[in-house]
Amino acid sequence: MSEKGMNLTLKIWRQKDSKSKGQLETYPVTDISEHMSFLEMLDVLNEQLIVKGIDPVAFDHDCREGICGMCSLYINGEAHGPDRGVTTCQLHMRMFKDGDTIYIEPFRATAFPVIKDLVVDRSAFDRIQQAGGFVSVNTSGNTIDANAIPVNKHDADEAFNSAACIGCGACVATCKNASAMLFVSAKVSQYALLPQGKVEAKDRVLNMVKQMDLEGFGNCTNTGACEVECPKGISLDNIARMNREYLKASI
Ligand code: SF4
Ligand code: FES
């Protein structure tokens with residue numbers, strides 16, 4: 001005997017391209033298992049739309065394992081939806097119940113223009129990382145064994161935690177100022193804490209912050225909303241560290 005699935009009403013942002021004005025459209029979706037992921041539910045919707053001759057909903061995804069940071073959806077007013085510590089692809093339909101209405105919108109920020117429907121252009125993040133430059137590593141054949149460079153446990157752990165940022169952009173989408181400080185500070189911190197990253201540390205923080213401002217992200221006003229919605233638990237401590245690094249580099 002098959003388990004009866006949920007019937008839901010979806011209010012989804014549809015936008016033809018970056019130039020068009022978008023609007024919310026209403027779609028019913030039927031027979032959704034609570035074991036499905038949110039993206040699998042959207043796959044079912046798209047199959048049902050194609051049968052009806054309607055253009056399927058465009059949304060970003062790649063790994064579907066919480067690694068790539070592509071699945072940028074704003075669900076019922078929260079980046080990555082109502083669960084904590086998960087990306088949209090890790091969100092399960094058991095978080096919803098039969099008869100629910102679910103609002104699905106793209107991440108919204110001036111620096112993340114909508115490309116189509118729920119897909120936004122987050123290449124501003126790539127440009128910030130590129131502005132950070134490289135780490136000098138001697139690859140000439142007499143490379144120093146990594147274990148020969150002592151790193152204290154606290155710094156190694158902190159650098160590892162900062163490096164967990166997947167560049168999803170939920171921090172920007174959640175912030176009322178669309179600030180990218182949590183993301184940029186995680187990327188600055190993962191190098192600033194390690195001896196290998198200290199060589200270019202000054203240029204890195206100055207260039208990344210400069211690029212962040214050029215991209216049109218807002219200012220940080222310490223509301224802390226970004227930390228709450230970050231699927232990887234990136235801490236606000238990173239922002240404080242980046243501010244210290246920036247000050248050190250500026251004087
Ligand atoms: S800091 Fe968190 S929310 Fe922001 S991009 Fe990184 S993983 Fe995503
Ligand atoms: S699809 Fe890769 S993190 Fe969600």
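Guide: Helix 5 contributes the most to the shell around ligand 1, namely three residues; helices (H or I, at least four residues) and strands (E, at least two) are DSSP runs numbered from the N terminus. The model is a predicted one, in which local features need pLDDT of at least 70 and side-chain atom pairs count only at pLDDT 80 or more, while totals for chains, interfaces and linings use all residues. Residues are numbered from 1 along each chain as its sequence is written, and chains are lettered from A and ligands numbered from 1 in the order in which they are written.

In total, 14 residues surround ligand 1, the closest being Cys-165, Cys-168, Ala-170, Cys-171 and Cys-230; a residue counts as near if its C-beta atom, placed from the backbone, lies within 6 Å of the molecule. Two or more residues of this shell come from each of helix 4 (170–174) and helix 5 (181–192). By class, the shell holds 11 nonpolar residues, two polar and one charged. Here Ala, Val, Leu, Ile, Met, Phe, Trp, Tyr, Cys and Pro count as nonpolar, Asp, Glu, Lys and Arg as charged, and the others, Gly among them, as polar.

Elsewhere, five strands form an open sheet in the order 2-1-5-3-4, with mixed pairing; two strands pair if DSSP finds at least two bridges between them. Strand 2 (23–32) and strand 4 (78–79) are at the edges with a single partner strand each, so one side of each lacks a neighbour in the sheet. Strand 1 (residues 6–14) and strand 5 (residues 101–106) run parallel, joined by four bridges. Thr-9 has Thr-101 as its bridge partner in strand 5.
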